[in-house]
Amino acid sequence: RMAALAPNWRFSQLFGEKDSIEEVSEVDIVSAIEFDETGDFLAVGDRGGRVVVFEQDASDYKFYAEFQSHEPEFDYLKSLEIEEKINKIKWCKRTNDSHFLLTTNDKTIKLWKLNKKNIKQVSTPEDTGRLCFPSVTTTESTIVASSKKVFANAHAYHINSISLNSDGETYISADDLRINLWNVEISEQSFNIVDIKPANMEELSEVITSASFHPKHCNLFMYSSSKGSIKLNDTRQNALCDKHTKYFEEPEDPSTKSFFSEIISSISDCQFSGDG
């Protein structure tokens with residue numbers, strides 16, 4: 001049997017200016033990155049709340065569009081400043097010529113539409129003494145970003161992940177203690193499907209770190225925790241998925257358990273493969 005060949009990794013492309021690496025301001029630091037399902041488009045979010053989209057042209061990615069997704073806010077009830085930093089970006093399945101993206105900061109999720117808009121110019125005809133109509137010609141086209149939905153006031157803690165469902169109609173958003181189910185077309189309400197908040201917060205032993213829908217089965221989703229476990233849930237069993245269907249965890253050797261081992265055992269992200 002032939003041994004499997006190791007992948008040949010090579011540098012392909014650099015995004016940004018080469019000469020200004022040492023002078024990068026905090027708002028320019030990349031905080032989220034996501035390809036669309038075709039791989040032809042790449043969305044990049046930064047700590048300044050901006051989203052830059054690149055389109056593949058031959059072998060390189062070229063600039064496609066840029067828009068300001070989130071602005072800094074202040075929660076006056078909790079006296080808390082909400083950063084504009086983009087935590088996650090997700091591409092919606094494309095059904096027409098426009099692109100739709102979900103972006104989120106710590107508290108608010110937004111649905112954005114990217115579409116091409118033609119810039120037209122009206123030219124007035126010369127005065128010849130006869131009835132003439134002005135002519136309209138398309139001079140150039142530009143990409144316009146417009147906010148279609150704002151999903152707010154549903155998370156008490158920082159949102160760490162969003163994941164679109166394979167049905168194309170719903171998605172989940174997760175914070176440290178809860179996971180909510182949304183309909184893309186309805187921003188006024190969401191349904192809480194996971195809640196691990198204890199009655200006494202002093203008994204809190206773990207937090208949710210990531211959540212993801214199954215790419216093919218719309219009823220399955222999983223979430224990871226700071227304890228190093230992953231729980232697979234089935235929405236057909238209960239409205240509130242407080243009991244998992246499957247539990248994944250690598251047992252820890254009690255002899256090596258320490259304060260640092262608990263920190264490094266935390267799972268930062270979990271994703272299904274493309275085929276599920």
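Are F213 and F221 buried or exposed? Both F213 and F221 are buried. Buried means under 20% relative accessible area, exposed means over 50%, and partly exposed lies in between, using a 1.4 Å probe and protein chains only. This is a predicted model, in which local features need pLDDT of at least 70, side-chain atom pairs count only at pLDDT 80 or more, and totals for chains, interfaces and linings use all residues. Residues are numbered from 1 along each chain as its sequence is written, and side-chain values use heavy atoms, leaving out hydrogens and water.

Start with the sheet β1-β2-β3-β4. Its four strands are antiparallel and the sheet is open. Strands are DSSP runs of E with at least two residues, helices are runs of H or I with at least four, and both are numbered from the N terminus. Two strands pair if DSSP finds at least two bridges between them. β1 (30-35) and β4 (60-68) have a single partner strand each, so one side of each lacks a neighbour in the sheet. The twist averages 20 degrees from one strand to the next. Angles run from 0 to 180 degrees between N-to-C directions, with axes fitted as lines to C-alpha atoms, for helices over the stretch in contact. Strand β3 (residues 50-57) pairs with β4 in the antiparallel sense over eight bridges. V53 has A65 in β4 as its bridge partner.

Aromatic rings come next. A pair of rings is described by the distance of the centres and the angle of the planes. Rings of Phe, Tyr and Trp (its six-membered ring) pair if their centres lie within 6.5 Å; planes under 30 degrees apart are stacked, over 60 edge-to-face, and the rest tilted. The whole structure has nine aromatic pairs. One of them is F35 with Y61, a tilted pair at 6.0 Å centre to centre and 55 degrees between the planes. F35 lies in strand β1 and Y61 in strand β4, so this pair ties together parts 26 residues apart in sequence. F35 is partly exposed at 46% relative accessibility, whereas Y61 is buried at 15%. The ring centres of F213 and F221 are 6.2 Å apart and the planes stand at 70 degrees, so this pair is edge-to-face. Ring pairs also link F41, Y64 and W91 into a cluster.

Now the charges. Side chains of opposite charge can pair when their charged atoms come close. A salt bridge here is a side-chain nitrogen of Lys or Arg within 4 Å of a carboxyl oxygen of Asp or Glu. The structure holds eight of them. In one, the closest N and O atoms of E26 and R47 are 3.5 Å apart. E26 lies in the segment before β1 and R47 in the loop between β2 (41-46) and β3, so the pair ties together parts 21 residues apart in sequence. E26 is exposed at 52%; R47 is partly exposed at 25%. R50 and D28 form another salt bridge, with closest N and O atoms 2.4 Å apart. R50 is in strand β3 and D28 in the segment before β1, so parts 22 residues apart in sequence are tied together.

A second open sheet has the order β15-β16-β17-β18, again with antiparallel pairing. Its edge strands are β15 (208-213) and β18 (246-249). Strand β17 (residues 229-234) pairs with β18 over four bridges, and S229 stands opposite E249. D234 forms a salt bridge with R236 (2.8 Å, N to O). D234 is buried at 9%, while R236 is exposed at 65%.
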